[in-house]
Amino acid sequence: MNEVADHLDYGLQIVFIGFNPSLRSGEVGHHYANPRNNFWRILHKSGLTPRLYEASEDRELLKLGYGFTNIVARPTRGVQDISREEYRAGREILKSKLEHFRPQVACFVGKGVYTELTRRTKVHWGFQPDSFMEGIHEFVAPSSSGLVRMPMEEIIEIYRRLKSFVSPEWE
């Protein structure tokens, strides 16, 4: 199964960071491609995008100032299929990417993604008071997986906090 290419660049407002790509994302080569994943709907309903994008347009979001990466690049059925060694290596790779590209905000799509990177146990939704990476705002958002049991409106409201912090280039 192919890895899904990062979409990173200098000067990004937000880099969205997931655990790893789904099998569907690996098949088609695009982030958040599983039809049960709500990522693209959440971005649109929260006001982070001017319209509803599809996974096949993920690279287009670079024009909006948004990038994509994961803590582990290998697609799997679920996070339970990621080894401790893959996480260890992924943490170092992700830190290097963030230090290199220096986005304004690192948005972790799921608390588990953030705790895997930082090894912190106390995490709340939204901006974190003590940044792990100096000079980069860290925002923890709910996972967009269709398996999440949080009401969609609550998830969207948390992403709206992120929207109110950045100034989308399309506005």
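Predicted model: local features only at pLDDT ≥ 70, side-chain atom pairs only at ≥ 80, totals over all residues.
## Model and confidence

Local features need pLDDT of at least 70 and side-chain atom pairs pLDDT 80 or more, while totals for chains, interfaces and linings use all residues. Numbering runs from 1 along each chain as its sequence is written, and side-chain values use heavy atoms, without hydrogens or water.

The protein chain averages a pLDDT (predictor's confidence in each residue, 0 to 100) of 93. A score of at least 70 is reached by 97% of the residues. Helices (H or I, at least four residues) and strands (E, at least two) are DSSP runs, numbered from the N terminus.

## Nonpolar cores

A nonpolar core joins buried Ala, Val, Leu, Ile, Met, Phe, Trp, Tyr and Cys residues through side-chain atoms within 4.5 Å. Buried means under 20% relative accessible area (1.4 Å probe, protein chains only). The largest core has 25 residues. I14, F16, W40 and Y159 have the most contacts inside it. Strand 1 (14–18) and helix 5 (152–165) are among the elements that each supply at least two of its residues.

Beyond four places in sequence, F16 is in contact (heavy atoms within 4.5 Å) with residues including F39, L43, F68, Y159 and L162. A second, separate core of 20 residues includes L8, I82, F108 and L117.

## Largest pocket

The lining of the largest pocket has 29 residues. S22, N34, N37, R77 and S145 lie nearest its centre. Helix 1 gives the largest share of the lining, three residues.

Terms used. Buried < 20%, exposed > 50% of the residue type's maximum accessible area, 1.4 Å probe, protein only. 1 Å grid on protein atoms, 1.4 Å probe; cavity = no way out; pocket = protein on both sides within 12 Å on 5 of 7 lines; lining within 4 Å.
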